Amino acid sequence: MSGTPDWVALAWRLPAGLSTPRVTTWRNLQRLGAARLTPGAAILPFREDLQEQLDWLAQDIESQGGEAWVLPVTGLSESEERVVRERMAADRDQEYRALEEDALAFIARRSTSPAPEDAFAARLQIDKELLALQRRFRKIRARDYKDAPGRAVAAQAVDRCLAFRQGISPKVLPVTDAHVAAQPKEDDA
């Protein structure tokens, strides 16, 4: 058995009553990319920074009158690990698909709208929207521990927005996700 755990879990119980602390806890765990195990437990791949984040969440739960434990997990069975990986990938895939839809909606909206009178203001607004799409992609990518299948398509959709903004062909090389660009396609291998 190795000295470093593979996973880190947070198990907690909050006092009955208001749902706000529960919702806040789950939103914080979703931002970290945690997979839900039970209504009071979630798991992440072990990294010191993620363990620290879970320690902070545990302190927050305890400050609200609850109980919380941050637990290193040195091994899961093959089937347990598969379930955790599938949940993580499905959650990120859902986020990537929503981002892809928003990117395609951006292109559709910008393609059909008439040229504005104030072109400078319009370009600033377009740039602001593009930066928001890229920021969303980076946030999702940062918590995509298991390489969700929708990542490449979302990156391509955001890149199409960038190409649209630049007024060039949508057949540009990916710039949103350099990791995807660096991987050879299966046909190339």
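**Close-ups of a sheet and its cores**

**View 1. Strands 1 and 3 side by side.** Strand 1 and strand 3 are antiparallel partners joined over 5 bridges; strands are DSSP runs (E, at least two residues; helices are H or I, at least four), numbered from the N terminus, and a pair needs at least two DSSP bridges. Here W7 sits opposite P45 of strand 3. This is a predicted model, where local features need pLDDT of at least 70 and side-chain atom pairs pLDDT 80 or more, while totals for chains, interfaces and linings use all residues. Residues count from 1 along each chain as its sequence is written, and side-chain values use heavy atoms, without hydrogens or water.

View 2. Step back and you find 4 strands in an open, antiparallel sheet, ordered 2-3-1-4. Strand 2 (35–38) and strand 4 each have a single partner strand, so one side of each lacks a neighbour in the sheet. From one strand to the next, the twist averages 25 degrees (axes are lines fitted to C-alpha atoms, for helices over the stretch in contact; angles run from 0 to 180 degrees between N-to-C directions).

**View 3. The largest nonpolar core.** Among its 25 residues, L10, W12, L29, I43, L44, L54 and M88 touch the most other members. Such a core joins buried Ala, Val, Leu, Ile, Met, Phe, Trp, Tyr and Cys residues through side-chain atoms within 4.5 Å, with buried meaning under 20% relative accessible area (1.4 Å probe, protein chains only).

**View 4. Around L10.** Beyond neighbours within four places in sequence, L10 contacts (heavy atoms within 4.5 Å) residues including L29, L54, I61 and W69.

Key
Buried means under 20% relative accessible area, exposed over 50%, partly exposed in between (1.4 Å probe, protein chains only).
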